[in-house]
Amino acid sequence: MPDLTWNAFLISTGLVSLAEIGDKTMLLAIMLAAAWRRPLPILLGIFAATLANHAFAALAGSVLARFMDGDWVRWGVGVAFLGFAAWALIPDRFDEAPDQTEKTFAGVFWTTTAAFFLIEMGDKTQVATAMLAAQFQNLPLVVAGSTLGMMLVNGPAVLLGETAAKRLPLAWIRLAAAAGFAATGVWVLLAG
């Protein structure tokens, strides 16, 4: 069994990975890969945007937890994860086409970074990162785990492009994500 300190990392990685499958940022990754066929700057852009976005989310969640009493945090986090379970069942759609940015390494990197940072704002993986940081109070491990979770899903999405979207059973994966969020919510509420 892993050290309890590492639970923040492992749970963040697992929940964010499951939540990201079929999410609008995964669809954006597939769309950018299909449009630009430049995997390295796209992957680096996703990594940079996710790291910045989830660091901000984890900091916000941690600060919020400091101002709330332990029982309020527990109930807030537990109910939020039950809400994420329901949210995970709703498929995301991304209908916009990418702009025709020049396909230089820097152009693809910065466009991907900006697009991912903005589209991740208020997304379930960002909110989940904030709640995980509030629960575990370990920003480095929550941010590292949630960023790894995003990369575990978006990396293959970029590398496999549109083929991945046609072959993954997204409905079943959404159910697994919902079950993971629900189990976490119940665990937080019962374990205190």
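Predicted model: local features only at pLDDT ≥ 70, side-chain atom pairs only at ≥ 80, totals over all residues.
Helix α5 covers residues 105–120, and because its 16 residues at 1.5 Å a residue should span 22 Å, the 22 Å between its end C-alpha atoms agrees with expectation. The buried residues of this helix are Gly107, Val108, Phe109, Thr112, Thr113, Phe116, Ile119 and Glu120, and the elements that cover them include α2, α3, α6 and α7. An α-helix has 3.6 residues a turn, so residues three or four places apart point the same way. After α5 comes glycine 122, whose phi is positive, near 75°.

| Helix | Residues |
|---|---|
| α1 | 7–20 |
| α2 | 24–36 |
| α3 | 39–67 |
| α5 | 105–120 |
| α6 | 124–136 |
| α7 | 139–160 |

Glutamate 20 belongs to helix α1, and although this glutamate is buried, it has no salt bridge, the nearest side chain of opposite charge being that of lysine 124 at 7.1 Å. Such a bridge would need a side-chain nitrogen of Lys or Arg within 4 Å of a carboxyl oxygen. When neighbours within four places in sequence are set aside, glutamate 20 is in contact with Thr25, Met26, Asp123, Thr125, Met150, Val153 and Asn154.

Key. Residues numbered from 1 in each chain as written. Heavy atoms only, no water. Helix = DSSP H or I, 4+ residues; strand = E, 2+ residues; numbered from the N terminus. Buried < 20%, exposed > 50% of the residue type's maximum accessible area, 1.4 Å probe, protein only. Lys, Arg positive; Asp, Glu negative; His and termini not counted. Contact = heavy atoms within 4.5 Å. Expected span 1.5 Å × (residues − 1).
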